[in-house]
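Please examine the sequence and the structure shown below.

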Amino acid sequence: MIQISPDLLPSLLLYAALSSACCLLCIGVAGRYSMLAGRVDDLTAIQAAHERLVPRIGGVAIFLTMSLATLIVAERLYDDYVRFLAATSIIFLAGLLEDLGIRISPRVRLLAAVAASLSTISLLGVWLPRADVPLLDAALTWAVVGIPVTVLLTSGVSHAFNMIDGVNGLAGLCAVTTSVALAAIAHRAGAGSIVDLCLVVGAGVAGFLIWNFPHGKIFLGDAGAYTLGFVLSWFAIAILLSNGAVTPWSMLLAFLWPVADMLHAIARRSRRGTAAMAADRMHFHQLVMRLLRRHLLPGHLRRHANSLTTVVISPFAIAPALAGVALWDRPIAALLVSIALIACFFLTYLGIIKNYKRIARLSK
């Protein structure tokens with residue numbers, strides 16, 4: 001359990017309220033400015049899951065919440081946190097430009113994530129300290145290995161959160177789940193300052209979810225999804241740096257759903273010979289939504305398939321994070337559970353694909 005101090009709880013409620021108010025303001029303003037209202041071609045994109053234009057600027061509320069966290073961050077961490085926010089702004093602004101209709105290619109957005117990570121490493125002088133893999137751990141102490149691995153992981157997690165931002169509530173649910181799991185691990189590791197920051201991010205996302213789920217009044221957009229993945233991955237590194245007993249494999253469990261989805265997308269596209277960052281309609285949540293909408297829900301409920309997809313997936317997204325908290329200092333167990341759950345993700349996906357027609361026939 002996380003012991004939230006009585007002084008912090010009102011702050012978390014305030015952060016959630018401010019995030020929610022910011023989202024409401026964005027929704028209201030979007031009605032007056034077409035640039036903020038969403039992009040017409042989003043409705044015809046191959047990965048489209050919605051039928052009307054919706055503002056994609058929920059990331060503004062998320063970044064505002066993280067910026068206001070400077071008011072509660074521990075004094076000894078204040079300067080480092082401000083530097084981290086400056087580095088994070090690189091990926092936030094790149095995503096925001098895309099959300100506003102100024103086309104920023106996936107490759108450029110990924111490069112922005114790389115630049116943000118390199119800036120963080122340069123400003124703070126830290127990178128991933130270990131992976132609980134003996135030979136790799138020795139190599140990570142060398143900048144020539146540690147820096148590229150850190151950039152790859154943090155950029156990858158940023159992209160992973162963007163990949164699952166396809167139905168109402170899913171990316172937000174995963175972000176809150178990861179935030180709380182990291183806070184619980186940090187609490188067990190004795191890293192109280194990181195606990196507070198993780199909970200602030202979770203509160204900010206909770207405020208956003210009021211408008212994003214179930215009705216989808218506003219989306220995270222690239223600015224929100226990339227920023228959340230980036231910030232949470234660096235919080236995980238900060239926890240590893242704070243206590244040598246924490247295993248990196250528990251961190252993987254905290255991020256498992258978006259990471260598993262990204263790994264499967266890379267494998268799927270590689271097998272088909274398409275670009276790793278090319279959009280498609282074959283993500284796990286997209287398959288579940290099509291099953292619900294076309295075959296499993298009665299006619300009057302099919303319009304709710306988008307949000308019900310998140311409800312169906314939620315236990316499978318939350319359970320790995322809970323395992324990460326339970327196994328925070330048990331590397332072998334956390335590694336084995338990670339492998340087993342990623343294998344389950346792949347096998348379940350394969351099972352749905354192979355039995356799609358059978359499921360459709362039985363549902364008639």
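## Basis of the report

This is a predicted model, in which local features need pLDDT of at least 70 and side-chain atom pairs count only at pLDDT 80 or more, whereas totals for chains, interfaces and linings use all residues. Residues are numbered from 1 along each chain as its sequence is written, and side-chain values use heavy atoms, with hydrogens and water left out.

## Helices H7 and H13

Two packed helices are described by the angle between their axes and the distance between the axes. The axes of helix H7 (residues 170-189) and helix H13 (residues 305-326) come within 9 Å and cross at roughly 15 degrees. H7 is therefore roughly parallel to H13, a term for angles under 35 degrees. Helices here are DSSP runs of H or I with at least four residues, numbered from the N terminus.

Contact means heavy atoms within 4.5 Å. On the H7 side, the residues that meet H13 include Leu170, Leu173, Thr177, Ala181 and Arg188; among their partners in H13 are Ile313, Ala317, Ala321 and Gly324. By class, this contact of H7 with H13 has twelve nonpolar, four polar and one charged residues. Ala, Val, Leu, Ile, Met, Phe, Trp, Tyr, Cys and Pro count as nonpolar, Asp, Glu, Lys and Arg as charged, and the others, Gly among them, as polar.

## Helix H2

In helix H2 (residues 59-68), Gly59, Ala61, Ile62, Phe63, Thr65 and Met66 are buried, that is, under 20% relative accessible area with a 1.4 Å probe and protein chains only. The buried residues of H2 pack against helices H1 (8-30), H3 (78-99), H8 (192-212) and H9 (221-242).

## Aromatic rings

Rings of Phe, Tyr and Trp (its six-membered ring) pair if their centres lie within 6.5 Å; planes under 30 degrees apart count as stacked, over 60 as edge-to-face and the rest as tilted. By this rule there are ten aromatic pairs. The rings of Phe161 and Phe255 form an edge-to-face pair, because their centres are 6.3 Å apart and their planes stand at 85 degrees. Phe161 lies in helix H6 (residues 143-163) and Phe255 in the loop between helix H10 (248-254) and helix H11 (256-272), 94 residues apart. Phe161 counts as buried at 1% relative accessibility, and Phe255 at 4%.

The rings of Phe284 and Phe345 have centres 5.2 Å apart and planes at 40 degrees, so this pair is tilted. Phe284 belongs to helix H12 (residues 284-296) and Phe345 to helix H14 (residues 331-354), so the pair ties together parts 61 residues apart in sequence. Both Phe284 and Phe345 are buried. Ring pairs also link Trp257, Phe284, Phe345, Phe346 and Tyr349 into a cluster.

Terms used
Axes fitted to C-alpha atoms, helices over the stretch in contact; angles between N-to-C directions. Helix = DSSP H or I, 4+ residues; strand = E, 2+ residues; numbered from the N terminus. Parallel < 35°, antiparallel > 145°, perpendicular 65-115°, else oblique. Buried < 20%, exposed > 50% of the residue type's maximum accessible area, 1.4 Å probe, protein only.
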